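Biologist: Please take a close look at the side-chain contacts in one part of this model. Go residue by residue, and say how each cut-off is set.

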Amino acid sequence: MQASAPPVEHPAPPAYAAGAPVPWWLKLGVKLVLGALPVPAGAWRALGLRRHSFFAADPARLVAPLAGRAQRFAELAGRPPRGVLEVGPGAMVLRAPVAAALGFGPVWYLDVEDSAPRDLAPYRAAAEAARAAGLVPPDLSGCASRAEILAACGARLLVGETGALAAVPDASVDLVFSEVALEHVRRDDLAPLLGALRRVTAPGGLGQHAVDFHDHLGGRLRHLAFTPEFWEGRAVARAGLYCNRLGLSQMLAAFAAAGFRAEADSQLVWRLPPLPKGGAHPALGRAPEDDRICHATIETRAG
């Protein structure tokens, strides 16, 4: 990795990720109650709840983010990336035509559940966005299903936990990235996942990971007050509230333990950490400096 510079810090807006103007404890209680109901996750999403990839339809998120990742890899490696893996894409699987237009291939998507659109219109819209940007996406006119669109793009969706990455050959991925997904990986599952990512990453491969470190109910740090026994239990998981509550330094250490060189290159920070009364639960083992970091982007390299 090139000589590292201190991460660029930006102040977090006062109400960053605050969500609905409802008391936090009421949000928590409603989520826990709803999570206990025997309702499939897909049904909640159909009602507009527990959705992934809120901005999937935003044209600004179609071409430019993938093109920027390709450019960064080319700056470091002197060539375009080929094999690409996105972890936790949600609905962003719809960018497969853009990935193909940028010359990525094969393209792998790993998610714990299948929340990618089955309607073909979003994929065709992404292809048009690529065409409008001067790229040449694959011809999707003859595709009659999502499976056919993904095949035309040289893409494959893997659904499951870390074991699903067994389908990806060793050292075959030049570029791996995630967008606010790693904080949702359970603590005990993070090391195996990062180990699998190291296995599939090619020498010189690049990783780019955006990670939120705040409480996903209110954009602060209230979730740090809970005991591990409660937070790691079934109630929080069923409610769709789970974040592993790792700080940035712990996340960087996990990447290093997996064999990556990792550093943060951009951070959103609070001037005063919005900790709960009494501070973070001591069992979390968080470094105090991590409590001021709201969001960070992490860049990794494989030797």
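Modeller: Glu 179 counts as buried, at 16% relative accessibility. Buried here means under 20% relative accessible area, exposed means over 50%, and partly exposed is in between, with a 1.4 Å probe and protein chains only. This is a predicted model, where local features need pLDDT of at least 70 and side-chain atom pairs count only at pLDDT 80 or more, while totals for chains, interfaces and linings use all residues. Numbering runs from 1 along each chain as its sequence is written, and side-chain values use heavy atoms, leaving out hydrogens and water.

The partner of Glu 179 is Arg 69: their side chains form a salt bridge, 3.1 Å from N to O. Glu 179 sits in strand β5 (residues 173-179) and Arg 69 in helix α3 (residues 64-77), so this pair ties together parts that lie 110 residues apart in sequence. A salt bridge needs a side-chain nitrogen of Lys or Arg within 4 Å of a carboxyl oxygen of Asp or Glu. Helices (H or I, at least four residues) and strands (E, at least two) are DSSP runs, numbered from the N terminus. Arg 69 is buried too, at 14%.

The pair does not stand alone. Glu 179 and Arg 69 belong to a salt-bridge network with Arg 61, Glu 86 and Arg 95.

Next comes Arg 72. Arg 72 meets Glu 299 in a salt bridge of 2.7 Å, N to O. Arg 72 lies in helix α3 and Glu 299 in strand β8, so the bridge links parts 227 residues apart in sequence. Arg 72 is partly exposed at 23%. Glu 299 is buried, with a relative accessible area of 4%.

A further bridge joins Arg 292 and Glu 9, with their closest N and O atoms 3.1 Å apart. Arg 292 is in the loop between β7 (260-269) and β8 (293-302), and Glu 9 is in strand β1 (residues 8-11), so parts 283 residues apart in sequence are tied together. Both ends are partly exposed: Arg 292 at 28%, Glu 9 at 39%. The whole structure holds 14 salt bridges.

Val 22, Leu 26 and Val 30 make a nonpolar surface patch with about 220 Å² of accessible area together. Patch residues have over 30% relative accessible area and no salt bridge; like charges are joined within 9 Å, nonpolar side chains (Val, Leu, Ile, Met, Phe, Trp, Tyr) within 5 Å. Accessible areas come from the Shrake-Rupley method with a 1.4 Å probe, and for residues only the protein chains shown count as cover. Val 30 lies in helix α1 (residues 24-36) and is partly exposed at 41%.
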